[in-house]
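Good morning, everyone, and thank you for making time for this.

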Amino acid sequence: MNGEMETSAKDQVAWGKDDLLKLLDSMKVNLPQNDISKYKTAESHLDWEKVAFNHYSAEMCKQKWLEVSREVRKFRTLSELIVDAQDYIKNPYKGKNLKKHPDFPKKPLTPYFRFFMEKRAKYAKLHPEMSNLDLTKILSKKYRELPDRKR
């Protein structure tokens, strides 16, 4: 078991960006000319021995492809999927929301939101029958009526 973990960690380190792009190019070359079948069908018929290159085995190439293919949307042919995978390899953060550090400072509230938060509780007590929408309309009207200096 420990030997398996060491080899999988070694495989992950060994794959560089250029190697991944070469894998995708090799897959593209070994696809049939008129690839119209679903990507899973084409993937299952792909000869991974022909895809293998350098010191990477057919199984290593197949496993790496499965990892990369999880990051791109499916429901297309394998040739179209390879193009998306190449884009993903070149720019892996495109379209992903990066998580901010929890201690990262938050943006300050706008003057309108500060005014709204201060006054909302007061107006909600004075007019309990009003809906949130009506309350917001009244407070935004009052904010617009304020002179620029008080805003």
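This is a predicted model: local features need pLDDT of at least 70, side-chain atom pairs count only at pLDDT 80 or more; totals for chains, interfaces and linings use all residues.

Among the elements of the chain, the highest mean pLDDT, 90, belongs to helix H8, which covers residues 132-145, whereas helix H1, at residues 2-14, has the lowest, 46. Over residues 1-13 the pLDDT is below 50, and beyond near neighbours in sequence this stretch has 2 contacts in the model.

Now the overall picture. The chain holds 8 helices and 0 strands, and buried residues make up 26% of its 151 residues. If we take the contacts in the chain with a separation of 6 or more, 57% of them are accounted for by residues 24 or more positions apart. The chain exposes about 11,900 Å², and carbon and sulfur atoms supply 54% of that area.

Let me return to Tyr143. With a relative accessibility of 13%, Tyr143 falls under the 20% cut-off and therefore counts as buried. Leaving aside neighbours within four places in sequence, Tyr143 is in contact with Pro111, Tyr112, Phe115 and Arg151. For one of these, Tyr112, the C-alpha atom is separated from that of Tyr143 by 7.1 Å, although the two residues are 31 apart along the chain.

Next, the packing of helices. Two packed helices are described by the angle between their axes and the distance between those axes. Helix H2, residues 17-29, and helix H6, residues 78-90, pack at an angle of about 175 degrees with their axes 10 Å apart, which means that H2 is roughly antiparallel to H6. On the H2 side the contact is made by Lys17, Leu20, Leu21, Leu24, Asp25, Met27 and Lys28, and on the H6 side by Ile82, Val83, Ala85, Gln86, Ile89 and Lys90. Sorted by class, this contact has 8 nonpolar, 1 polar and 4 charged residues.

How do H2 and H5 pack, and at what angle? Their axes are 11 Å apart and the angle is about 100 degrees, so H2 is roughly perpendicular to H5. Here Leu20, Leu23, Leu24 and Met27 in H2 meet Cys61, Lys64, Trp65 and Val68 in H5, and by class the contact has 7 nonpolar, no polar and 1 charged residues.

Finally, two loop residues. Leu46 is found in the loop between helix H3, residues 39-45, and H4, and at 7% relative accessibility Leu46 counts as buried. Not counting residues up to four places away in sequence, Leu46 touches Met27, Asn30, Leu31, Val51 and Leu78. The C-alpha atoms of Leu46 and Lys62, 16 residues apart along the chain, are separated by 9.6 Å.

And is Asn54 buried or exposed? Asn54, which is found in the loop between helix H4 (48-51) and helix H5 (58-69), counts as exposed because its relative accessibility is 58%, and the cut-off for that word is over 50%. Asn54 also has a positive phi of about 45 degrees although it is not a glycine, and with that residue I will stop.

Definitions and conventions: Residues are numbered from 1 along each chain as its sequence is written. Side-chain values use heavy atoms; hydrogens and water are left out. pLDDT is the predictor's confidence in each residue, from 0 to 100. Helices (H or I, at least four residues) and strands (E, at least two) are DSSP runs, numbered from the N terminus. Contact means heavy atoms within 4.5 Å. Axes are lines fitted to C-alpha atoms, for helices over the stretch in contact, and angles run from 0 to 180 degrees between N-to-C directions. Angles under 35 degrees count as roughly parallel, over 145 as roughly antiparallel, 65 to 115 as roughly perpendicular and the rest as oblique. Ala, Val, Leu, Ile, Met, Phe, Trp, Tyr, Cys and Pro count as nonpolar, Asp, Glu, Lys and Arg as charged, and the others, Gly among them, as polar. Buried means under 20% relative accessible area, exposed over 50%, partly exposed in between (1.4 Å probe, protein chains only). Accessible areas come from the Shrake-Rupley method with a 1.4 Å probe; for residues, only the protein chains shown count as cover.
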